[in-house]
Structures are given as structure tokens and as C-alpha cells.
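The sequence and structure come first.

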Amino acid sequence: MTNHWIDYRNSDVFMNIGGNTAENHPISMKWIEKARETRGAKLIVVDPRITRTAAVADLYVPIRPGTNIAYLGGLINYVLENELYHKEYVLSYTNAAYLVSEEYDFDEETGLFSGIQDDPDRNAKKYDRSSWSYQTDSAGNPLKDPSLENPQCVFQLMKKFYAKYTLDTVSKITGCPKDILEESYRLYASTGKPGKAGNILYAMGITQFTHGSQNVRACAIVQLLLGNMGIPGGGVNAQRGQSNVQGSTDMAILYHIIPGYLSAPKAASHPTLADYIEKETPAPPCWWSNKPKYLISMLKAFWGEHATADNDFCYDYLPKLDHRDHSHIGLYKYMGEGEIKGLICWADNPAVTGPSAAAKRSYQSKLDWLVSVDIFENETASFWKKEAGANPKEIQTEVFLLPATASFEREGTKANSGRWIQWQWKAQDAPGECKADLQIAYELFKKLQELYAADPNATFPDPITKLKWDYEGEDGRVDIAKVCKEINGYTVADGQYVTNFVGLKDDGSTACGNWLFSGYYNNDENPACQSRIKETEGIGSNLGWSFAWPLNRRIVYNRCSADLQGNPWNPELQVFWWDEEGKLVKNLDIPDWPGAWSFEEAARFPYIMLPEGQARFFSNGMVDGPFPAHFEPAESPVPNLLYPKATFNPVSQRWYEGHLAETEEERSKYPYIMSTYRITEHYQSGIMTRNMPWLNETMPELFIEISEELAIELNIKNGETVLVESKRLLKNGEQKSIKAKACVTKRLKPMTVNGKQVHVVGMPFHWGYCGMRKGAITNDLSPSVGDANTTIPESKAFLCNIRKVG
Amino acid sequence: MSMKLSRRTFLKLTGTAAAASILAGSGFQSRLEAAEKIRVHYAREVPTICTFCGVGCGILCHVVKNEHNRDVIINTEGDPDHPINEGSLCSKGSSLYNVSYIYDSQGRPKPNPNRLTKPLYRAPGSDRWEEKDWDWMLETIAQRIKKTRDENFELTDTVDGRKVTVNRTNAIAWLGSAFCTNEENYLFNKMARAMGIINIDHCARL
């Protein structure tokens with residue numbers, strides 16, 4: 001989130017798109033309701049289904065799964081055509097005026113941008129992005145046209161790009177009636193008025209697509225046009241589904257980054273530390289110009305005294321990536337091919353949550369060994385059992401299942417969606433021999449260090465034996481305070497905490513595990529992450545409660561809450577006060593600019609993480625296009641109306657041959673659009689909640705939601721068990737299926753898409769073959785095809801068939 | 001009626017009491033007083049963060065010492081001092097107690113029988129789990145990691161005709177986790193990279 005949960009109370013209009021706040025983040029609804037009660041705020045819900053959030057909305061906008069860019073592109077076009085954008089904001093804080101290279105081009109037949117190339121390794125296409133660039137002067141500075149009239153300026157290119165996204169066309173693509181579309185556009189565009197705050201809330205309902213990242217980009221473009229970024233009540237707010245999914249991402253449990261969102265080193269572009277620094281470090285004042293300080297401080301935290309300037313601070317010890325994708329879909333493919341022989345799984349249950357899960361479970365039998373750490377027996381660890389449909393005798397994989405502690409049986413911090421890093425105190429001693437993951441990780445790596453130290457023939461033991469692993473506390477237990485200190489950072493010479501990341505150096509004199517967290521635990525007595533001081537008046541920042549990264553800032557890009565002269569767009573939600581000399585005299589949030597800068601300087605560079613310091617409508621940061629363009633999902637019942645020769649996102653990797661229903665004949669075999677989702681009473685793979693009787697009582701079993709109209713067509717009654725099929729369960733000509741109870745509902749309606757009627761159905765995915773309540777695994781149906789930028793699987797729109805039993 | 005109240009009956013009764021006090025005309029203050037009376041006064045309050053979604057609600061655990069001098073929770077409820085949830089919780093958050101304890105048919109709490117309490121091992125071809133001790137498990141896992149890593153380790157790779165130090169193994173995959181704390185994830189990342197693992201992902205992408 002750019003903003004935070006309590007800040008919802010400051011919004012005037014909410015657009016809940018691809019998220020279901022009332023169902024999946026229930027308590028945060030109180031802050032939406034607060035804004036409705038106190039400010040008369042309006043709630044728009046854009047969703048294929050009348051969700052629990054839609055049920056209380058001021059305006060419900062039904063759209064077909066996978067058409068978010070068409071919907072948002074229509075909004076962008078509406079705002080531009082009707083001149084409803086925040087002109088001063090757009091001119092001051094974005095790249096609207098920048099001139100784009102004459103080489104840049106877009107083909108409206110194919111939906112392809114300039115620079116397209118074949119990428120046979122990935123069975124897809126890729127872009128040479130060099131034409132997606134600014135025109136520059138001889139010194140390399142971007143050329144601009146503040147009148148916004150030059151046809152090559154970003155503003156004009158954007159206007160031209162989205163001119164095709166008319167109400168008529170968008171209505172045909174999305175299946176949403178034109179009057180509802182227009183009403184939603186008019187209502188949301190009302191926040192383009194200075195002083196009004198529009199808030200876009202989303203979740204997996206826009207990310208789990210082959211074009212998911214571009215969906216989010218489209219949200220960002222809307223928010224920039226309307227001047228909704230960096231202001232109280234505004235923002236692009238990803239409502240995250242797990243208690244520490246923000247923190248686990250910050251800590252880089254992802255192959256492509258290392259802690260604090262630094263790129264993981266690649267063999268091709270970063271063979272040495274000097275290469276890494278040269279390629280990854282932009283010029284100041286962009287904040288990433290500090291990157292070498294963060295990388296070298298991290299290397300010092302990792303390899304301590306062994307990391308010196310002479311050996312590039314042990315940069316060589318960090319593994320270097322090859323050119324392949326090592327995300328979930330990729331690594332399970334390599335597992336199926338026999339390349340991966342060992343899997344270590346910490347509180348993760350991919351046998352239920354991963355796409356094409358049935359196939360993935362079978363790949364696990366190729367492993368020599370599998371380690372699973374959990375509080376309950378889970379499906380991933382039990383894939384060899386009869387209940388999983390396997391024959392144990394045929395599976396040679398050794399499995400180690402380690403008992404972990406529950407959340408309230410361990411201490412540490414978790415980062416919520418608003419980036420608040422809160423301390424979780426330990427309340428109870430865990431039962432039996434359970435251990436916290438921190439302790440397990442600590443002991444396991446100590447064992448490994450001993451094994452390597454004892455073996456003179458070990459392969460390159462240095463990164464392991466020399467890793468700094470000195471967290472020992474009392475009785476052989478790990479001392480979490482030592483881990484916290486290392487993450488926060490300290491000066492090497494005297495071991496003193498650094499106050500925050502501003503104190504980090506690139507000469508090896510400081511160590512810091514994750515620069516972004518620096519400041520969260522910078523003293524022993526009263527670390528900020530344990531602070532519990534509630535705000536009594538203000539704008540809801542609660543600066544005394546926990547610690548928000550970065551630097552305890554609650555709204556990022558917050559210089560944009562005021563105009564160039566420092567006057568707030570909304571005087572009732574003023575964040576900063578300057579005196580006549582331009583000195584900051586009062587602030588209700590932590591400024592998002594260096595302390596030495598005047599407010600004028602800060603206004604010239606408000607998007608401090610970008611080299612140009614101004615937000616991008618047009619961006620070369622995405623692999624699949626500088627503007628978000630509408631593409632159909634990989635499996636879709638209809639062709640692309642905007643770009644008639646387009647396939648699904650051309651940059652998205654095709655992992656498996658024959659995996660998708662793409663031909664006319666296949667589409668007719670699987671005629672319904674399936675969207676998977678979560679429900680309040682269960683959590684993710686369900687392995688916790690299916691072992692909680694109170695929740696099982698409220699939501700006992702798997703179901704499939706189908707409209708009354710489809711139920712009549714298929715002669716299916718509410719409560720009847722049905723079979724659900726997809727191409728993933730078609731093996732050697734034999735169609736398999738999973739079973740679910742039919743929930744015949746008014747929440748779904750047939751949609752008319754370009755004159756053709758299509759049915760959308762939906763299923764939660766919280767069941768499996770372990771736990772107190774069992775059920776089929778919905779993800780056995782979903783495809784292993786992912787977003788071009790992130791490889792997140794397309795779980796929100798794929799094709800299926802439904803049959804009566806017998 | 002039995003002296004032992006089921007949870008549901010208990011909730012009904014307290015709900016009725018609160019409603020009665022409002023009807024009596026003494027209003028909001030009485031509701032607060034009624035709530036205060038049913039608080040657990042003999043237990044220690046420990047604040048924790050809800051383990052489910054990303055809202056980050058505060059939960060208070062009521063903790064007592066059991067007969068083995070171990071800290072055990074007897075109740076969990078929304079933390080009224082927490083600025084985000086202000087005491088309220090959703091159906092999952094308010095059921096957190098169930099992770100540890102469930103009720104028997106008499107309405108008495110008992111440990112959740114499905115919690116794992118001992119390390120379990122499944123041998124190749126076996127159809128069952130066997131209990132093992134921690135030392136054996138961690139020692140054996142470390143040996144497996146070492147063998148797999150050492151047999152599948154690339155010190156260098158040739159990229160565009162250049163020899164590059166890569167120090168990686170493609171043969172091990174590491175997943176998780178968004179359930180674990182930041183400090184745990186920090187250690188996961190640190191040890192995984194030190195081993196040369198590059199197949200790293202977790203449920204953030206699912």
C-alpha cells in the first residue's frame with residue numbers, strides 16, 4: 001500500500017477493483033464505513049460477482065474477469081476526453097510533458113509495441129525496450145513540452161493510445177452496461193478536483209492475470225491523472241491477504257530480489273560488484289543512488305569480518321541467477337523435469353495453492369527429499385499418501401515434517417499491508433516439541449555449518465562456513481534481539497545501532513540486513529516496532545504506533561499532498577506546514593524527501609525513487625509495454641475486440657504444450673469462465689482453518705457458485721454435487737474432474753460480451769485431503785501460465801466445464 | 001440445564017444481559033460495565049498480531065500458568081487499544097483460540113488434536129509417518145542438503161564467452177513464508193542465498 005488502513009477514513013470515493021474488502025480484509029471495512037459516515041464517501045465495487053463488498057456498495061460495476069484494463073482504459077479515456085484530470089498535479093508531478101522517442105510505436109492490429117522480438121527459450125515474445133525512451137538534450141536531460149501539445153509528449157501519446165477505449169467498446173468487452181460504466185467513471189473522476197481524494201483498493205482480483213502487473217499500472221495511471229497519489233485518502237492500495245506477506249516480500253523470499261528490493265545479481269549483467277553497482281545505481285538525487293550503501297551493508301551483515309573491500313565484500317558468495325524464471329511455476333517445472341531434487345517448505349502449502357496442483361503434486365515424487373515446517377499436517381508434505389490419490393510404494397521421496405509454533409507462541413515482527421511493522425508478543429508456550437521457525441532455521445544452519453567445517457572435501461564451503469550466524473542466546477536458543485539488530489543495522493567498529501538507513505555507508509563500516517527496515521529496532525529499551533502509542537488527534541497517521549517502512553512514513557510520495565508552493569490541496573487534511581522562510585515547522589507524517597531539501601526542491605523531485613523524480617504515465621519499467629493495453633486472458637471465450645490480431649499477453653511465457661484451451665473446439669468443450677477466490681471463514685490453503693471447528697461449522701465444504709440462469713440450462717439444483725473440468729485434468733484423452741456442491745446464486749449473472757452470452761462461475765480454493773474437513777483441490781483446474789512481469793498465475797480467469805453427476 | 005455452558009449458550013446469555021441493561025435505560029455506560037464484569041481478571045494479558053490477513057489487527061491473549069508451570073492461553077479477543085481494529089475481529093481472528101484448543105461435547109476445552117507436536121519422518125516407499133527426535137531430523141536434513149548441494153553446484157558459468165563466478169545450485173528449491181515473521185524470513189533469505197539456492201519463492205506469488 002502507498003497509504004494505510006486507517007487512512008481509508010480520509011477518502012471521498014473508493015474504487016474497490018479486484019478486491020473484496022468486506023470478505024477478505026473484514027475489519028478494514030470499518031474505515032471505509034467511517035469515511036462514508038463522516039465525509040459522505042462513495043464506494044464503487046468493480047467485480048464479476050456481487051461480493052459481500054459489492055452488496056454494501058453505492059455503485060456495483062459488473063465486469064467480465066480479465067477485462068480490468070479495458071475498464072480502466074475507458075476511465076482514462078473518459079477523464080482525458082472530458083478534461084477531468086488534476087491539471088496542476090499532472091504538470092507538476094508526472095512525466096506528462098516529457099517527449100518520447102520518435103522510434104516508439106504501437107500496432108493497433110496486433111497490440112504490439114515497437115521493439116518486439118521472438119523469444120524461443122520462453123516460447124513467447126520479448127521486447128527490446130530501447131525505443132520506449134525520452135528524447136533528450138545533449139546533456140542527456142529529457143526534453144519537455146509544458147503546453148502538453150507536442151504530439152510526441154507523453155500526455156498526447158496517452159490520449160491517442162486510450163482514444164479507442166470508448167464507452168461503446170469497453171461495454172462490449174467487459175459486458176458491463178454502458179450507463180453503469182459511465183456513472184462509475186463520472187463518480188470516480190470527481191476526485192480529479194483538487195482537494196478530493198480517490199482511493200483505489202485492489203487485491204489478487206487484478207494481479208492474478210497474464211497481464212496482472214499492467215492492471216496495477218493502469219490503476220496508477222488513473223490515480224496520477226486525478227492527483228490521488230501522495231495525499232491522505234488516496235493511493236494505490238494493495239490489500240494483502242496474509243499477516244506478513246508484505247514483510248516476506250520485503251525480506252526477498254523471491255528469487256529475483258535480495259532484501260529491500262535490490263535486484264538479485266544476474267550472471268549475465270552483474271558478474272562483479274563493480275558491474276552490479278554500475279548497472280544498478282542511478283545518479284542522485286534519485287534515492288536509489290544510495291544502493292551501493294545498502295548492498296555493501298547487507299554483505300557485511302551476511303559475511304561479517306570476512307567481507308572486506310579487497311574481496312568485494314564477498315559479493316562472489318551471492319549466487320548469480322541464470323536467464324531463467326525461478327518463480328513458483330518455473331521451479332515446479334524444473335522439479336517435474338528432475339532438475340530439482342530437494343524442496344524446503346516453510347509454512348507454505350503449494351500442493352493446494354499452486355496452479356495445476358494435481359500435476360505439481362505428481363512432480364514432487366521426483367524429489368529425493370522434502371522438508372515441510374508447519375503447525376498441522378499439510379497436503380504438500382502428505383502428497384505420497386493414499387488420500388492424495390498416490391501409491392506410497394511407488395514414491396521414493398523422503399519427507400521430513402517439522403512441528404512449528406503458532407503465531408501467538410512465537411515473537412517477532414510482521415508487516416501489515418500499510419507497511420506497519422508490528423511486534424507480535426509470545427503469549428503461550430507451544431505444545432509438545434514444537435519450535436518456532438526462527439529456532440529451527442537457526443539450528444538447521446548451525447548443523448550445516450558444522451558439517452561443512454568437518455568435511456575437507458566439501459564443495460566451496462566458504463559462503464556457508466563464513467556466514468555470520470552468531471545469534472545464540474540462553475540455553476542454545478536463538479536471541480531474536482540479535483537478529484533484529486542485524487536487520488536494523490549497526491556500525492561495525494563499535495556495534496552501535498544505526499538510527500536509520502541514512503547512516504549506512506558503502507565502505508564496509510556499517511552492517512545492515514535490510515535497509516528498508518532500518519530504524520525499526522534501533523535501540524534495546526524501546527524499539528519503534530514495539531511502540532503502542534495511539535494517536536488522539538491528527539489525520540490517522542499514528543506515528544507512535546509500531547514503525548512503518550521507510551523511516552516510519554505512513555503515506556509515501558507525500559510531498560504531492562501540497563502544490564508547488566506548499567499549499568495543501570485539501571486544507572482539512574494538511575500534512576505539512578512551512579514558515580515564511582520555507583522551513584518545515586509542523587508535520588503529521590514523515591516527509592518523503594531529504595531533510596536538507598526546501599519544499600521547492602522536494603516538489604521538483606517528489607517521486608524520489610525514479611531517476612527523473614516524476615511519476616510515469618509512460619514507463620520502460622515493464623517488460624510488456626509502456627502503456628497498459630487490453631489483452632484477453634490466456635483462456636478466453638472471445639477474441640480481442642480492440643486489437644483483432646492479438647493473442648493473450650505475447651510476453652507471457654508458455655510453459656507447457658497443450659496446456660491451455662485455445663482452439664474454437666476446446667473453447668466449446670470448456671465454455672464457462674472460472675474465477676477462484678477466498679472466503680472470510682477460511683484462510684489460503686485452509687490448513688489452519690480446516691483444523692478449527694468453529695470455522696468448519698460456519699463454512700463446512702467446497703462449493704461452486706453458478707448463476708440461476710446457468711443452473712436452469714444445466715438442470716442443476718442448489719446443493720447438488722457437480723463435476724468441474726478443465727483442460728488441466730485432461731490426461732491422454734481421459735477427462736478427469738473435481739467435485740463440488742453447486743451454490744445457485746443471484747450473485748452471478750450471465751454477461752453479454754459483444755453480443756454473445758457468457759457465463760462466469762466461481763470457486764473458493766481452501767480445501768484438500770488433510771485436516772478435520774476435506775474436499776477437492778480447486779487449483780487442480782487452474783493453468784500454469786503467469787503474468788509477463790511477475791509470473792503470478794492466472795487464477796482469476798480460465799475456462800472450465802460443469803457436469804451433473806451421473 | 002447443565003452447569004457447564006457451551007460457548008454458544010454463554011454468548012447468548014451475555015448477549016441477553018447486555019440487551020437487558022440497554023432496555024433498563026441505563027444505556028451505554030451499563031454496557032461497558034457489563035463488559036468489564038465478564039473480563040478475565042485473573043489472567044495476564046499479552047498483545048499479539050492476528051495471524052490471518054494483512055490488516056494486522058491486534059489480539060489480546062489471556063494467559064495463565066498451567067499445572068506444569070507452562071504459559072497457556074485461556075481466551076483470545078480483539079485488542080481494544082489497537083488503532084486499526086479497536087477491539088473488533090472477523091470470524092477467523094475471533095476463532096484464533098481454536099488453533100490451540102477446541103471444545104469437547106461437554107463444552108470443555110481440550111488441546112487441538114491435529115496440532116503437530118513431534119517431528120515426523122516418512123521413509124522412501126513407506127505408507128506412514130514415524131516419530132523421530134529433533135537431533136536426528138536436523139542432522140539428517142543437513143546431510144541431505146549438503147549432499148544435494150555439493151553434487152549439483154556450479155562455481156562458474158560461461159556467459160557470452162566469459163567465465164563468470166555464479167556459486168549456485170539449481171537442485172534445491174526454497175519456499176516461504178508469509179506466515180513467518182520478518183526475523184524468520186530474514187534468516188531464511190540469508191541461509192538460502194549462502195547455500196547458493198536460486199529457486200526461491202513463496203505464497204506472495206500465489
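A residue counts as buried if 20 or more other C-beta atoms lie within 10 Å of its own, with C-beta atoms placed from the backbone. The model is predicted.

**A helix in chain A**

By that criterion, helix H5 (residues 154-162) of chain A has the buried residues Val154(A), Phe155(A), Leu157(A), Met158(A), Phe161(A) and Tyr162(A). These buried residues line one face of H5(A), because they fall within an arc of 165 degrees when seen down the helix axis. An α-helix has 3.6 residues a turn, so residues three or four places apart point the same way. The cover over the buried residues of H5(A) includes helix H3 (68-81) and strand E4 (106-107), both of chain A.

**A sheet in chain B**

Chain B has an open sheet of three strands in the order E1-E2-E3, with antiparallel pairing. Its edge strands, E1 (44-49) and E3 (71-78) of chain B, each pair on one side only. From one strand to the next, the twist averages 35 degrees.

**Between the chains**

The interface brings 108 residues of chain B into contact with 143 residues of chain A. On the chain B side, 57 of the residues are nonpolar, 29 polar and 22 charged.

| Strand pair | Sense | Bridges |
|---|---|---|
| E2(B) and E3(B) | antiparallel | seven bridges |

The axes of helix H18 (residues 480-488) of chain A and helix H4 (residues 182-194) of chain B are 10 Å apart, at an angle of about 70 degrees. Angles of 65 to 115 degrees count as roughly perpendicular, and H18(A) and H4(B) are therefore roughly perpendicular to each other. H18(A) contributes Ile480(A), Val483(A), Cys484(A) and Ile487(A) to the contact, and H4(B) contributes Glu183(B), Tyr186(B) and Leu187(B). By class, this contact of H18(A) with H4(B) has six nonpolar residues, no polar residues and one charged residue.

How values were computed
Residues are numbered from 1 along each chain as its sequence is written. Chains are lettered from A and ligands numbered from 1 in the order in which they are written. This is a predicted model: local features need pLDDT of at least 70, side-chain atom pairs count only at pLDDT 80 or more; totals for chains, interfaces and linings use all residues. Two residues are in contact if their C-beta atoms, placed from the backbone, lie within 7 Å. Ala, Val, Leu, Ile, Met, Phe, Trp, Tyr, Cys and Pro count as nonpolar, Asp, Glu, Lys and Arg as charged, and the others, Gly among them, as polar. A residue is buried if 20 or more other C-beta atoms lie within 10 Å of its own, exposed if 12 or fewer, and partly exposed in between; C-beta atoms are placed from the backbone. Helices (H or I, at least four residues) and strands (E, at least two) are DSSP runs, numbered from the N terminus. The arc is that of the directions from the helix axis to the C-beta atoms. Axes are lines fitted to C-alpha atoms, for helices over the stretch in contact, and angles run from 0 to 180 degrees between N-to-C directions. Angles under 35 degrees count as roughly parallel, over 145 as roughly antiparallel, 65 to 115 as roughly perpendicular and the rest as oblique. Two strands pair if DSSP finds at least two bridges between them.
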